[in-house]
Amino acid sequence: MPGKRSSRKQIQHFCCPYCDRRLWRAGSTKHFLFYTEAAQIRQYVNVSHKSAALLASQGAYVDRNTWIEEFFCGEHGKLWLKLNRNPAGQLTSQIATSKDWQQSTQTINPEVPNPSVSEFSYRMSRAPSSRLSYCRR
């Protein structure tokens with residue numbers, strides 16, 4: 001039985017929230033979210049109040065089950081999604097908000113353009129490329 005132990009069938013695909021077409025991973029790094037307050041740790045990590053206070057006292061807690069990653073839609077271009085892995089191992093996705101960007105590691109907010117880049121270059125970098133139009137659903 002070929003492919004019996006293949007992990008390829010366990011890959012989860014994501015759909016664009018605007019057009020319901022399949023999204024493609026852009027190969028970017030995972031930008032994990034971190035929390036500094038005990039209330040945030042308790043809310044997002046689902047631990048007890050005592051454990052959250054202990055983790056908060058040790059400094060910023062980096063959540064390895066929640067991260068921001070870049071995806072590409074053939075129609076809408078580049079999208080940043082916040083991915084969350086539940087205890088069963090399934091991933092859920094939603095559009096990354098500015099609050100998520102403030103709590104992510106080693107990132108800057110991509111909605112604010114770099115002042116050293118021209119307006120034309122910035123606009124062209126976000127446009128869908130004709131080279132990538134072969135992507136199908």
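Let's start with Glu69, which counts as buried at 5% relative accessibility (buried means under 20% relative accessible area, exposed over 50%, and partly exposed in between, using a 1.4 Å probe and protein chains only). This is a predicted model, where local features need pLDDT of at least 70 and side-chain atom pairs count only at pLDDT 80 or more, while totals for chains, interfaces and linings use all residues. Residues are numbered from 1 along each chain as its sequence is written, and side-chain values use heavy atoms, leaving out hydrogens and water.

**Salt bridges**

- Searching the whole structure turns up five salt bridges (a side-chain nitrogen of Lys or Arg within 4 Å of a carboxyl oxygen of Asp or Glu).
- One of them joins Arg25 and Glu69, with 2.8 Å from N to O.
- Arg25 lies in strand 1 and Glu69 in strand 3, so this pair ties together parts that are 44 residues apart in sequence (strands are DSSP runs of E, at least two residues, and helices are runs of H or I, at least four, numbered from the N terminus).
- While Glu69 is buried, Arg25 is partly exposed, at 43% relative accessible area.
- Another salt bridge pairs Arg21 with Glu75, whose closest N and O atoms are 3.9 Å apart.
- Arg21 sits in the segment before strand 1 (24–25) and Glu75 in the loop between strand 3 (61–73) and strand 4 (77–85), so the pair links parts 54 residues apart in sequence.
- Arg21 is partly exposed at 29%, and Glu75 is partly exposed at 47%.
- Lys82 and Asp100 also form a salt bridge, with their closest N and O atoms 3.6 Å apart.
- Lys82 is in strand 4 and Asp100 in helix 3 (residues 98–102), 18 residues apart.
- Both Lys82 and Asp100 are buried.

**Aromatic pairs**

- The whole structure has four aromatic pairs (rings of Phe, Tyr and Trp, the last by its six-membered ring, with centres within 6.5 Å; planes under 30 degrees apart are stacked, over 60 edge-to-face, the rest tilted).
- Phe14 and Phe71 have ring centres 5.4 Å apart and planes at 70°, so they are edge-to-face.
- Phe14 lies in the segment before strand 1 and Phe71 in strand 3, so the pair ties together parts 57 residues apart in sequence.
- Both Phe14 and Phe71 are buried.
- Tyr35 and Tyr44 are stacked, 5.0 Å centre to centre with 10° between the planes.
- Tyr35 is buried at 1%, whereas Tyr44 is partly exposed at 30%.

**Charges over rings**

- The charged end of Arg22 sits over the ring of Trp24, 4.0 Å from its centre (NZ of Lys or CZ of Arg within 6 Å of the ring centre and within 35 degrees of the ring normal).
- Arg64 lies over the face of Phe32, at 4.6 Å from the ring centre.
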